[in-house]
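Visitor: I am new to this structure and should like to learn how to read its features. May we go through them one at a time?

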Amino acid sequence: MRTQMATEAGRTTAPSEDRALVGPNLLAVLDGVTAKPETGCAHGVGWFADQLAAELLRCAHLGPAPALAEAVRQTRELHGGGCDLEHPDSPSATVGLVQIKEDVLRYLVLGDATVVVDAKSELRVVSDTRTNRTAGADPADVEHALTGEIPLAEVRRVAILSDGAARAVDLFDLFDWRQALELMAANGPDDLIRKMRAVEKEDAKAVDWPRAKVSDDATVVYLER
Ligand SMILES: [Zn+2]
């Protein structure tokens, strides 16, 4: 199996709050939710995304949902006593996660991350753009994640994208998901981000494609067998 990743901040003036994770049997993209002015947390979204990513790797021996719930629980502890974790805008992240274990690929999506699995008989595209569910301070939120599994023998390619990268397909319509996987197979995931940034630059006032952020943090983890 071969894994590639690409990530680029949406702006040059602020660090990316996306995180890509490539562990021995766990791949994930985390997208820290842009902080409101007041979050109740002394640490910030970047810190939160870093801790959650590190804890996820530590919990990779568990299944996807238990691993994420435990990572949320551990990160909650790391805030310490000085943060108000009941605050409605407490730092959080959307999560797209893939775990490969015992000849099965398991995936989990919480929020508007996208997981695309090219299996022999079907193309599965998993994302939840309708709800605002994210991984934050409460492990119970993980219950709302979309999960599933596919026999590894059927899997050809997998991509995990933050919403800032998935907009190449679901907003700009540069290609469909199958073509996006073909592009990544041929040129790597950074080519998807490059092509999308070119469109964003041409529509710098967000007129042709109305969007809250002209460019968003964009991250892709791509795997092929
Ligand atoms: Zn905190």
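Guide: Please note that the model is predicted. Along the sequence, the donor residues of the zinc ion follow the spacing C-x1-H-x35-H-x3-C. The pair His 43 and His 79 links distant parts of the chain, 36 residues apart. His 43 lies in the loop between strand S3 and helix H1, and His 79 in the loop between helix H2 and strand S4.

Visitor: Which atoms coordinate the zinc ion?

Guide: The donors are Cys 41 (SG), His 43 (ND1), His 79 (ND1) and Cys 83 (SG), at 2.1 to 2.4 Å.

Visitor: What is the geometry of the site of the zinc ion?

Guide: Four donors count as tetrahedral if all angles lie between 85 and 135 degrees. Here the angles among the four donor atoms are 95 to 118 degrees, so the site is tetrahedral.

Visitor: Is His 79 buried or exposed?

Guide: Buried means under 20% relative accessible area. His 79 has 5% relative accessibility and therefore counts as buried. His 43, at 33%, counts as partly exposed.

Visitor: How many residues of helix H3 are buried?

Guide: Six of the eight residues of H3 are buried, so this helix is mostly covered. Among them are Gly 164, Arg 167 and Val 169. The buried residues of H3 pack against strands S6, S9 and S10 and helices H4 and H5.

Visitor: What span should helix H5 have?

Guide: The expected span is 1.5 Å times one less than the number of residues. The 14 residues of H5 should therefore span 20 Å, and the end C-alpha atoms are 21 Å apart, which agrees. The buried residues of H5 include Leu 192, Ile 193 and Met 196.

Technical notes:
Residues are numbered from 1 along each chain as its sequence is written. This is a predicted model: local features need pLDDT of at least 70, side-chain atom pairs count only at pLDDT 80 or more; totals for chains, interfaces and linings use all residues. Side-chain values use heavy atoms; hydrogens and water are left out. Helices (H or I, at least four residues) and strands (E, at least two) are DSSP runs, numbered from the N terminus. Buried means under 20% relative accessible area, exposed over 50%, partly exposed in between (1.4 Å probe, protein chains only). Contact means heavy atoms within 4.5 Å. Donors are N, O and S atoms within 2.8 Å of the metal (3.2 Å for Na, K and Ca); water is not among the atoms, so sites may look incomplete. Four donors count as tetrahedral if all angles lie between 85 and 135 degrees; four count as square planar and six as octahedral if opposite donors are over 155 degrees apart and all others between 65 and 115; anything else is irregular.
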